[in-house]
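Trainee: Could you walk me through this one before I set anything up? I'd like to start with the helices and then move on to charges.

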Amino acid sequence: MKRLQCLPLAAAVAAAAPGDASAGEDWTGGFVLGAQERTILQNTPLNRDNFLGIAGSGTRAVALFEGRQQDFTWRLRTEALRTDLDGTRGKAVLQELNRVFDLGAGASLSLGKRLYALDPSYINQPLGFLQKRTDLSDPLDTLGNSEGIPMAVLSWSGARASAAALHAREAGGRVQTILKFGYEFDAISAGMVLRRAHGEHAGIGATISAAPADALSWYASAYRAGGAARYTRATAGLVLTPAALPKLQLEYAYNGRGMPDGEFEVLQQQAQSSLPPYVLATLASRLPSLGARQHYASLTISKAAGAWDAGGGMYLGLDDSSRVWHGQVDYAFSARTHLMLSAMRQQGKNGSERALSPVKETLALRLRHAF
């Protein structure tokens with residue numbers, strides 16, 4: 001690989017932190033980031049001769065700006081990326097632009113592009129139709145890639161109960177309508193979701209979470225779709241946060257839409273045959289970072305000590321014992337400036353899900369400054 005020159009990165013924004021008397025209730029902020037990244041590919045029939053065009057190395061510059069002016073919130077992300085395959089290219093995305101109307105008596109109307117969390121889980125999200133998704137190559141979303149969805153949300157919140165009606169339109173014109181109900185019991189938070197999406201049968205979901213002790217919390221969520229192609233997605237997990245020990249998170253997930261053994265064997269056979277590139281690319285798209293099988297478990301450990309913050313974990317495919325290892329080390333030069341080293345590695349025996357994945361390892365060094 002030829003050595004890449006760092007891209008220039010500069011931004012100037014007038015920033016007012018929340019709570020600043022000079023800013024009132026309005027605030028602006030964001031970050032700038034420079035990164036050097038490396039991707040190591042593995043030999044797989046799903047990416048013969050790298051026809052997917054996955055870059056081996058790249059230099060990235062990101063600037064993200066966000067703010068609130070009275071009832072409006074917005075977030076804009078710009079990026080310049082130079083790789084060993086594509087040269088330099090840039091893009092700008094308006095990730096969020098939303099207005100909230102206060103209707104009184106605990107009711108409000110939100111209109112615009114935004115994220116909306118329905119699921120309390122951390123990694124797998126059976127109800128994560130409108131919220132940020134986990135990427136194991138950047139689990140903390142250091143790059144700020146999360147983008148909102150155009151939606152209208154009519155919501156009401158009382159002392160313990162809450163309700164919301166959502167209508168969202170994703171890219172490509174896909175429309176979904178969701179009714180959400182929640183209740184805060186003395187020790188448990190519970191919710192129910194009714195959903196109908198264009199091209200899908202109606203489904204019902206539920207969430208539950210609790211913190212029975214200062215250092216212990218747990219959560220679970222599930223979704224069941226109706227119709228001829230019935231499927232269920234579910235997850236359950238717990239988080240331990242002892243004062244003197246590392247934070248520990250355990251999670252199990254079941255994906256009824258994933259491939260059982262027989263279907264996965266068919267995919268393997270198709271991958272080994274002489275299929276045209278666009279068909280192989282379609283097969284490769286069935287192996288996202290969180291997997292395309294049915295049973296998964298994850299373990300994540302993290303610990304902060306002084307200016308250092310380190311974390312890592314394993315995402316285990318229970319169907320074939322394939323594994324994704326991920327980790328990050330963060331050093332804080334100051335409260336706003338951080339140097340981060342992150343890595344991800346996929347492993348699996350021949351014929352496993354991770355052995356078919358085009359990417360073997362990713363490594364990134366990033367310098368991030370918040371303003």
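Mentor: This is a predicted model, and in it the buried residues of helix H2 pack against helix H1 (261–272).

Trainee: Which are the buried residues of helix H2?

Mentor: In helix H2, which spans residues 277–284, the buried residues are Leu280, Leu283 and Ala284. Viewed down the axis of H2, they fall within an arc of 100 degrees, so they line one face of the helix.

Trainee: On to charges, then: how many salt bridges does the structure hold?

Mentor: The structure holds 16 salt bridges. One of them joins aspartate 261 and arginine 293, whose closest N and O atoms are 2.6 Å apart. That pair links distant parts of the chain, since aspartate 261 sits in helix H1 and arginine 293 in the loop between H2 and strand S14 (295–305), 32 residues apart.

Trainee: And is arginine 293 buried or exposed?

Mentor: Arginine 293 is buried, because its relative accessible area is 3%, whereas aspartate 261, at 47% relative accessibility, counts as partly exposed.

Trainee: Changing topic, which residues make the nonpolar surface patch?

Mentor: The patch, of about 720 Å², is made by Trp308, Val329, Phe333, Leu339, Leu341, Leu363, Leu365 and Leu367.

Trainee: Where does valine 329 sit?

Mentor: Valine 329 is in strand S16 (residues 322–332), and it counts as partly exposed because its relative accessibility is 33%.

Definitions and conventions: Residues are numbered from 1 along each chain as its sequence is written. This is a predicted model: local features need pLDDT of at least 70, side-chain atom pairs count only at pLDDT 80 or more; totals for chains, interfaces and linings use all residues. Side-chain values use heavy atoms; hydrogens and water are left out. Patches are made of residues with over 30% relative accessible area and no salt bridge: like charges are joined within 9 Å, nonpolar side chains (Val, Leu, Ile, Met, Phe, Trp, Tyr) within 5 Å. Accessible areas come from the Shrake-Rupley method with a 1.4 Å probe; for residues, only the protein chains shown count as cover. A salt bridge is a side-chain nitrogen of Lys or Arg within 4 Å of a carboxyl oxygen of Asp or Glu. Helices (H or I, at least four residues) and strands (E, at least two) are DSSP runs, numbered from the N terminus. Buried means under 20% relative accessible area, exposed over 50%, partly exposed in between (1.4 Å probe, protein chains only). The arc is that of the directions from the helix axis to the C-beta atoms. Contact means heavy atoms within 4.5 Å.
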